[in-house]
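Please keep the sequence and the structure in view while reading.

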Amino acid sequence: MKLLVGRKGKHEAIPANLLIPEGVSGKKRAALVIHPQGKDAIGRKGGPLSPLAERFLKNGAPVMSIDCFLVGELKTGARKKTEKHWLTYNRTDLALRVQDILTAIGYLRSRDDVSGVDLVGLDASGVWCLLANALAPEVRRAAIDLNGFSDDRSAWAEECFVPGILRAGGARVAAGLCVPRRILLFDTRGKFPTDFASAAYEAAGRRKRLRVEEGDLKDDEIAEWFLGR
């Protein structure tokens with residue numbers, strides 16, 4: 001099912017693919033899967049699906065993916081940022097992508113057949129989803145592909161510029177703000193600082209709800225973590 005989702009009065013039209021498992025009735029937890037290549041990276045109705053989408057659907061979970069800002073159908077070219085103080089008056093690409101993810105979460109929660117939302121951020125979109133997850137306490141579980149993100153000045157400047165974000169603690173603090181919900185941080189490659197998140201989960205008595213993997217994980221491994229109890 002192809003959709004356009006958005007917030008009322010905000011003039012948003014975010015392209016989305018929503019896959020509904022056949023033969024399943026009642027409310028089910030939905031999975032929102034974000035990919036830097038957009039909604040078609042997980043597949044579409046009538047076409048090939050990613051192993052991750054297949055696993056969720058097989059277990060009765062609706063799966064949704066979107067084209068975040070400047071991705072997929074919204075890929076209209078980079079914005080002109082040469083004007084002096086451009087970001088004083090305009091939101092960054094990353095900020096708009098995080099809002100798109102939050103909007104998609106809100107849409108799924110509004111559906112009568114959805115009881116809750118889980119979040120998956122793959123490849124470069126993992127950081128987008130980590131920031132969104134910190135702002136979405138209604139998300140039960142999130143699997144975040146850190147893709148070797150180092151959370152230092154060079155990483156933010158080159159990959160996802162946000163003025164002043166390190167003054168607020170950066171992605172390491174965003175991971176800690178996910179307490180007490182379950183979160184899987186993978187493909188850290190030993191670069192991402194997990195100290196703050198580990199301390200936050202430990203202080204909350206929820207250490208087992210944080211899982212960290214230095215290596216990359218296959219789709220089946222990610223799905224298994226979500227489907228585990």
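Which residues does D93 touch, not counting residues up to four places away in sequence? Its partners are F69, L70, R79 and K81, where contact means heavy atoms within 4.5 Å. The model is a predicted one, in which local features need pLDDT of at least 70 and side-chain atom pairs count only at pLDDT 80 or more, while totals for chains, interfaces and linings use all residues. Residues are numbered from 1 along each chain as its sequence is written, and side-chain values use heavy atoms, with hydrogens and water left out.

**Helix α3**

D93 lies in helix α3, residues 93–110; helices (H or I, at least four residues) and strands (E, at least two) are DSSP runs, numbered from the N terminus. D93 counts as buried because its relative accessible area is 15%, the term buried meaning under 20% relative accessible area, with exposed over 50% and partly exposed in between (1.4 Å probe, protein chains only). Leaving out residues up to four places away in sequence, T103 is in contact with G6, R7, E12 and I14. The buried residues of α3 also include L94, L96, R97, V98, D100 and I101. With its 18 residues, α3 reaches 26 Å from first to last C-alpha, close to the 26 Å expected at 1.5 Å a residue, the expected span being 1.5 Å times one less than the number of residues.

**The sheet**

Eight strands make up an open sheet of mixed pairing, in the order β1-β2-β4-β3-β5-β6-β7-β8, where two strands pair if DSSP finds at least two bridges between them. Its edge strands, each pairing on one side only, are β1 (2–5) and β8.

| Strands | Bridges | Sense |
|---|---|---|
| β5 (residues 114–121) and β6 | four bridges | parallel |
| β6 (residues 139–145) and β7 | five bridges | parallel |
| β7 and β8 (residues 210–213) | four bridges | parallel |

Individual partners can be located within these pairings: L119 stands opposite A142 in β6, R141 has R182 of β7 as its bridge partner, and I183 has L210 of β8. From β7 the chain crosses through helix α7 (residues 195–203) to β8 in a right-handed β-α-β crossover, right-handed meaning that, with the strands pointing away from the viewer, the path from the first strand over the helix to the second runs clockwise. Strand β7, residues 182–186, is mostly covered, with four of its five residues buried.

**The cores**

The largest nonpolar core has 48 residues, and those with the most contacts inside it are L32, I34, M64, I101, L130, W156 and L185; such a core is a set of buried Ala, Val, Leu, Ile, Met, Phe, Trp, Tyr and Cys residues joined through side-chain atoms within 4.5 Å. Helix α4 (residues 126–134) supplies the largest share of this core, seven residues. When its neighbours within four places in sequence are left aside, M64 is in contact with residues including V5, L18, L32, I42, A104 and L108. A second, separate core of 20 residues includes L57, L184, F186 and I222.
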